[in-house]
Amino acid sequence: ESILQIKRKYGGVPGLCHRLGTNPTNGLPDDPAELAKRARVFGKNEIPSALSKSLLNLVWEVLHDTILLILMGSAVVSLGLSFYKPPDGDNQDSSADNVANWIEGVAILVAVVTIVMITALNDWSKERQFRGLQSKIESDHRFSVIRGGETHDVVVHELVVGDIGRVKYGDIIPADGVLIQSNDLKIDESSMTGESDLVRKSVDTDPILLSGTNAMEGSGRFVITAVGQNSRTGIMMGLLGKGSDGFKTGDADAPEEAQLAKSVLHAKLSKLAIQMGKIGTVIALATVAILILRFCIIEYINGKQPVKVDDLNDLVHYIIIGVTILVIAVPEGIPLAIALSLTYSVRQMMRDHNLVRHLDACETMGSATTICSDKTGTLTTNRMTVVQSYINGKFAKQSLPTGMVEATKALIVEGICVNSGYSTNVIESSIPGGQRTQIGNRTECALLGFVLDMGTSFNDVRASHPEETLCKLYTFNSTRNSMITVIRLPNGGYRVYAKGASEQIFAKSTFMLGEGGRVEPFGEEQLARMGEEIIDPMASEGLRTIALAYKDYVPVGMKQHENEEELSSEVNWEDEDAVGSNMTALAVIGIQDPVRTEVPAAIAKVQRAGITVRMVTGDSMHTARTIATSCGILRPEEDFLALESSEFNARIRDEQGLVDQTKLDEIWPRLRVLARAQPTDKYNLVKGIIDSTLSENREVVAVTGDGTNDAPALKKADVGFAMGIAGTDVAKEASDIIITDDNFISIVKAVMWGRNVYDSIAKFLQF
C-alpha cells in the first residue's frame, strides 16, 4: 500500500526525495542554515519531556506522610492549649510556665518543616540529576547520516526531514522514513506491533521504517520523512498523553523514585523499617494507654476530681510522648540515607565512565561475585591493526607481504572494500606518523587500513561499486560468523566475496590461490596443514585470524578456470549455503588487538576482592587462552577450564539437547574462558550461574556485551554492562549501566561505588 501511495503521489522514492529537496546519494547539504530551516518547518526530532515536579509539589507530597500528619496535629493542639486560659483562676500556671508552654508545639513544627524541606529538596535534586543523566544518555545516542556526500554521526535530536540515514545491524531507528536501498535488512517491530518475528524490509516489498524499531540484520539507506512528534513514536506518546525523554525506552525513562523502589537493598531496609515501626507502634500505643489509665486512676478514681478542660492538655502531652516514641522507633531516615548514598555513588560513577540507567544496578554491583566479560574492546584496546598475513603461499610476519601476485592483490583489495560496511571508514592522521582515525567496525577498519598500506584508496574502489549496485549481501552476525557480498561482473556473471573466522571460511573452500597465483585444490589435508602451520601460530600470539575468499559465477561456455562455476540457471540468492560453498581461499590475515595495560592489575584487584572474572569471546581458543593468560584470568598453576562452544554445549546438555542444571553445576565453578561463544552460550552460562544452588548465597552476576545478540544475557544478568563506544543501540537498551570508555577498569570502579552504598548504609544504621 505504501509503495502504491508513494508512486501515485510522488512518482516513487526518487520523486519523494526530489520533493523533499534531498539527494538520495549525497543527502542534504551540510549547511547549518538549511538544517535549521528544516527543523523549523518540519519540527525537531524531539518529543517534549514530561514536566518535572516543582519544589512545592514535592513538599506537598512529603506532607502526606502519616507520621508527619500526626506530629502536625499534635503540634497544633499543643500550641492551642498553651494559649488557653481557664476562666477560673484556680489552676493557673506560673507566668514562667505560660511563657514556656508554646515551645513544645513550635519545636515539633520546626522539626516537621526541617524533615519536609530536607526530603523535598533531596527529591528535587535527584530529579534534576536524573534529567541530566537522561540528557547525557540522549546526547550519546548518535545516528549515521549522509550530508554533503560525506558520512556524519549526528545526535538523534539533530536529525531533520530529508536526511539520508544509514541503518545497520544493531541500530535503533530514530525517525520514520522510506528505504532507498537495502541489503538483507530485517527489523524487529515488536515495540510497535507486538509481533516478535523479524520483518524483511526492501525497496520493492516493504520500504517503510518506523522510529523506535530495531535493526537486527543487514543494512540500508533511507530518507527521513517524519521526526519528533510527527513520527510513529511521537504519535504514540501523544495518544498516551505523556512526554518522554527521547528515544530511549525502557525502565530508564521511569521516575527515579520508581527505580529506587526496585532496589534490593531498599526493599530489605524498608522491610526492616516496617518491622521496627510495628514494634514502635505497639509500644507507643501501650505507653499512651498506660499514661491515660494512670492519670484517670489518680485524678478521677482516687482523687475524686471532676473532669476539666485543662485535663485535655495532659491528654495531648501523653499523645505527644507516644508519637515521640513512634518517631524515634521508626527509622524515617532510611529512605533518605539510601537516596543520598545512591545519588552520591551514581554521581561518582558518572565521573568514572559509568552511566547508570537503573539506580538499583549501582547497589547490586556491591554484591557482585562473578563478572562475565567480553574480550574485544573491554580487556583489549579495540584498536586493531593487521600485523601478519598468509598470501600466495607466503607467510609474512609483517603486515605487508612481499612478492604478492597483482591479480591476487586486486581480488583481496576489491574483496575487502566491497565486502565491508560502507559506513566503516579509516581517516589518515593530519600529523605525519600519527594514528589513523577508525570509524565503525574495528575489524573492518583494520582490513581497510591494510588496503591503504598496499597503496590503494578504498573509497575509489567503493565508488566503482556503489552500495545500491551490490547484487546481494549477507551481513555478519554471530550465527554466520562471516559476511558475504555479491557483485556483478562485466561478462554477465557474478563474483562472491566472503570474509570471516578462518575455520568458517576454509570449511567452505575447495580451492586456494597458491604460489604465483595458481589455483590449487584445498581439502582436508591442506586444511589441517593450514591450521597447524599458519592459523595456530597466529592465534598463539593473541592475533585474531580472518580469512578472505571468493567465487566466480560465469555464463555458460565462458569457464576458463577450474574454480569457476557456470550459470546453468539463475542463481537462487536465498540459498545461502549454496552461494557460500566451493569458495577459493585468498588469504589469512592476522589482526592484533593488544591487551589494555591497566587490565591485568584491575583483574587482580577484583580477584582479591572475592570476584571471579570469566572471559566469553567469539575468538578462537588459541587467541582466547593467550589473552586470558596475559590478563591473569588463567594461571598456569591453577586447575581452571577453558572450553570452546561445541565442548561447552556437549557437557551441559542432556539427551534431548536441553540445558541440564546439574551438568552445568559441574562446569561453571572452574570455567574461566569460553571461546567461539554464541550469544545463547553466554545466556545459558549467566542463567546457569544465577540459578545454581552450589553457593551458600546466590551468585550475583555482572555481564558485559556490545552486540544485538548479547541483549538476552544483558537482561538476564543481575547487572548488564553495555559498551558505550562499540555497543549497538539494542545492547545499550538492554543494559543497566553503559561504560562510556569500554574499559574493564570502569567495571572495577562500579564495584567499588556499589560497595560504598553498603558502607554508607551500615554507618547510618550504626548511628
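Here are a few friendly questions and answers about a predicted model.

User: How many residues of strand β21 are buried?
Analyst: Strand β21 covers residues 583–592, which makes 10 residues. The strand is mostly covered, and the number of its residues that are buried is nine.

User: In which sense do β19 and β21 pair, parallel or antiparallel?
Analyst: Strand β19 spans residues 544–554 and is joined to β21 over seven bridges. Within this pairing, alanine 547 stands opposite valine 588 of β21. The sense of the β19 and β21 pair is antiparallel.

User: Which residue in β21 is the bridge partner of methionine 512?
Analyst: Let's begin with the strands. Strand β17, residues 509–513, pairs with β21 in the parallel sense over three bridges. In β21, the partner of methionine 512 is alanine 585.

User: Is glutamate 444 buried or exposed?
Analyst: Glutamate 444 is found in helix α15, residues 442–453. Its relative accessible area is 9%. A residue counts as buried under 20%, so glutamate 444 is buried.

User: Which side chain joins that of glutamate 444 in a polar contact of 3.2 Å?
Analyst: Leaving aside residues up to four places away in sequence, glutamate 444 touches Ser420, Gly421, Thr424, Met483 and Lys499. The side chain in the polar contact of 3.2 Å with glutamate 444 belongs to lysine 499.

Terms used: Residues are numbered from 1 along each chain as its sequence is written. This is a predicted model: local features need pLDDT of at least 70, side-chain atom pairs count only at pLDDT 80 or more; totals for chains, interfaces and linings use all residues. Side-chain values use heavy atoms; hydrogens and water are left out. Buried means under 20% relative accessible area, exposed over 50%, partly exposed in between (1.4 Å probe, protein chains only). Helices (H or I, at least four residues) and strands (E, at least two) are DSSP runs, numbered from the N terminus. Two strands pair if DSSP finds at least two bridges between them. A polar contact is a pair of N or O atoms within 3.5 Å; within protein, one must be able to donate a hydrogen and the other to accept it, and residues adjacent in sequence count only if both atoms are side-chain atoms. Contact means heavy atoms within 4.5 Å.
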